[in-house]
Each structure stands twice: as C-alpha cells, then as structure tokens.
Amino acid sequence: MTANHPSAGCLAPWAIRSVEDMQIQPSDLGLIARVAELGKRYGTGASTVTALDDVSLGLRRGEFTAIMGPSGSGKSTLMHIMAGLDSPSAGQVWLGDTDITELSDSALTVLRRRRIGFIFQSFNLVPTLDVRGNVMLPFDLDGRRPTRDEQAWIDELFDTLGLRPRIGHRPHELSGGQQQRVAIARALATRPDLVFADEPTGNLDSRTGREVLGLLAAASARYGQSIAMVTHDPVAASHADRILYLADGRIVRDSGRSSAEEISSFMLSMEVAA
Ligand SMILES: Nc1ncnc2c1ncn2[C@@H]1O[C@H](COP(=O)(O)OP(=O)(O)OP(=O)(O)O)[C@@H](O)[C@H]1O
C-alpha cells in the first residue's frame, strides 16, 4: 500500500491492531514510530512486574508528543523500548517502516546513532569536548564528516540556539540552560527520524525550562522534527501537540494540545482513581 492508498488517510492509527496482517506500513499512516500490542514484564513468578500491558500507539511524523503518567506508570520503559534500548516481552515496535524488534544488537546501535536523537535531564555532554565537539559527536561516532548540507544545518542550529559565542567552551563553562541547548543541537544535528527527550527540563529553573521547551516546540513546528518527550511536568507537556497518558502500563488517554491546568487536573484525577 502506498501513502496515497484510499484507505490510508482515513484509518485512525490506533484502530489498526495488526499492521503486518493488513500490509500497512507505519509511513502509510503518517507515523514515524509505532508500537503494537506491546508488553514488558520484569522478573518471574510471584515477583513479576508488568511495566507495559498491551500498548498500541503511533507517533505522527513532525509532531511533538508528550508521554505523561504517574511515577511507575511505564513511561521510561516505553521510551527505552521505542528507542531500541530495551526489548519488549511481547509485541512489535517500528521506527519508520523498520521493525526494530527483528534487529540484531549491532544493527540497533547503528539505527540509534543514525535515526534517533536523545536529550536527557542530565544533559549527558562529554566533559572533555567543547560545544562544537559535542555537537559533532554523532558524526564522529558514525566515522564520517557532515555533508555540506548538514554543516549548513549545524551552523543554523548554532545560530538559532545562541551557541555561536560559546562554540569553544566546555560543558563546565556553560549554564544548565546552555548545556541543554548543546544537547538539543546534538540531538537535531543528524536530522534524526525521532528525538526522545527524557524530562529535558528536570534540571532547569522554570524560565530556562520554558526556553528549552519553546526550542523543542519550534524544532517540531518549523523544521518538522518528530519529538517524543517523557515528563511528569504539566507545564512541559503543555508545549506539546499531543499528550499520551500512561497509568499502570496502559494508555488511558490520548489528547491534543492542552493547558497546564487541564493536564494537572487530569493527572490529579488519575491519582485519585489509583
Ligand atoms: N529493571 C527493572 N526491574 C524490575 N522492575 C522494573 C525495572 N525497570 C522498571 N521496573 C518497574 O516497571 C514499572 C514501570 O517503570 P518505569 O521506570 O517505566 O516507570 P516511569 O513511569 O518511567 O516512572 P518514573 O516517572 O518514576 O521514572 C515500575 O513498577 C518499575 O518499578
């Protein structure tokens, strides 16, 4: 089926239980990533913990999606499995049209390096490298230099993110907000299919956090970057186009852009129901 197949546009991604059976590729549905009937259990016997229970979802290309839920609801597990950092106990995971559950460890390493960007709460910059070195790291790890086009994009990122005056500085010479902007530049540099952000504002004050969220939202709105952000913070989630709520390893709500107040009150209702 092609993207122009008459039924592709009208099928809600979550309505399809088995993509394989129907021969529909995630990209036919405008999805950049997809999981179907995903399960994850830790441990065995009486000590088994079910972290994810029959989760099916699609992330739309170019969208900024927040994944919210109380502590222990399965957010990190879902992100790690979607990023190929952990394997599921059941179900399938696609990045683009690649079923990553079928890949070897070495193929997964290459896929993560080339097609996924990561932004962490703790920035995870290399302390011995300056700003330029940190942003170039994905290319160095891939054993190649940026193409002329990619270099122009990196230069644009340095300018847009206000990093130009700091290009020769090392992480310890930068503020938390500047360090997170370097991490954003590094995550966007290779134009990955999907950027995963794990509590990206967790170590920042609220004003700097808002700036960082504005930059992520702009990367999605202006450049079509697909972003999936795991967060506890209703203010952070209010910058996203879409919010998925997890509780006890299941998706319990899928909503469009919402205010921080709306998100807080839904989170509160989940806690009351628990
Ligand atoms: N390696 C592990 N071994 C055993 N149980 C685990 C492991 N990792 C996660 N869990 C359990 O799986 C469930 C989901 O954990 P997960 O870290 O995905 O939740 P979370 O929503 O990201 O939580 P938080 O917001 O606190 O980071 C929890 O009950 C957790 O204790």
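Modeller: In this predicted model, the residues Ile154, Leu157 and Phe158 of helix H5 meet Ala185, Leu188 and Ala189 of helix H6. Sorted by class, the contact of H5 with H6 holds 6 nonpolar residues, with no polar and no charged ones.

The geometry of the pair comes next. Two packed helices are described by the angle between their axes and by the distance between those axes. Helix H5 covers residues 148-160 and helix H6 covers residues 176-189; they pack at an angle of about 160°, and their axes are 10 Å apart. Angles over 145 degrees count as roughly antiparallel, and H5 and H6 are therefore roughly antiparallel to each other. Their crossing is right-handed.

As to the setting, the secondary structure of the protein comprises 9 helices and 10 strands. Its C-alpha atoms fill a box of roughly 50 × 45 × 40 Å along the principal axes. For 274 residues, a compact globule would have a radius of gyration near 19 Å, and the protein agrees with this because its own value is 19 Å.

The ligand has a shell of 13 residues, the closest being Tyr42, Ala51, Ser71, Ser76 and Thr77. Strand E2 (49-60) and helix H2 (75-82) are the elements that give two or more residues to this shell. The largest share, 3 residues, comes from H2. By class, the shell around the ligand has 3 nonpolar, 9 polar and 1 charged residues, whereas the contact of H5 with H6 has 6 nonpolar residues and no polar or charged ones.

Key:
Residues are numbered from 1 along each chain as its sequence is written. This is a predicted model: local features need pLDDT of at least 70, side-chain atom pairs count only at pLDDT 80 or more; totals for chains, interfaces and linings use all residues. A residue is near a molecule or strand if its C-beta atom, placed from the backbone, lies within 6 Å of it. Helices (H or I, at least four residues) and strands (E, at least two) are DSSP runs, numbered from the N terminus. Ala, Val, Leu, Ile, Met, Phe, Trp, Tyr, Cys and Pro count as nonpolar, Asp, Glu, Lys and Arg as charged, and the others, Gly among them, as polar. Axes are lines fitted to C-alpha atoms, for helices over the stretch in contact, and angles run from 0 to 180 degrees between N-to-C directions. Angles under 35 degrees count as roughly parallel, over 145 as roughly antiparallel, 65 to 115 as roughly perpendicular and the rest as oblique. A crossing is left-handed if the near helix is turned anticlockwise from the far one by less than a right angle, and right-handed if clockwise. Two residues are in contact if their C-beta atoms, placed from the backbone, lie within 7 Å. The radius of gyration is taken over C-alpha atoms; the globule rule is 2.2 Å times the number of residues to the power 0.38.
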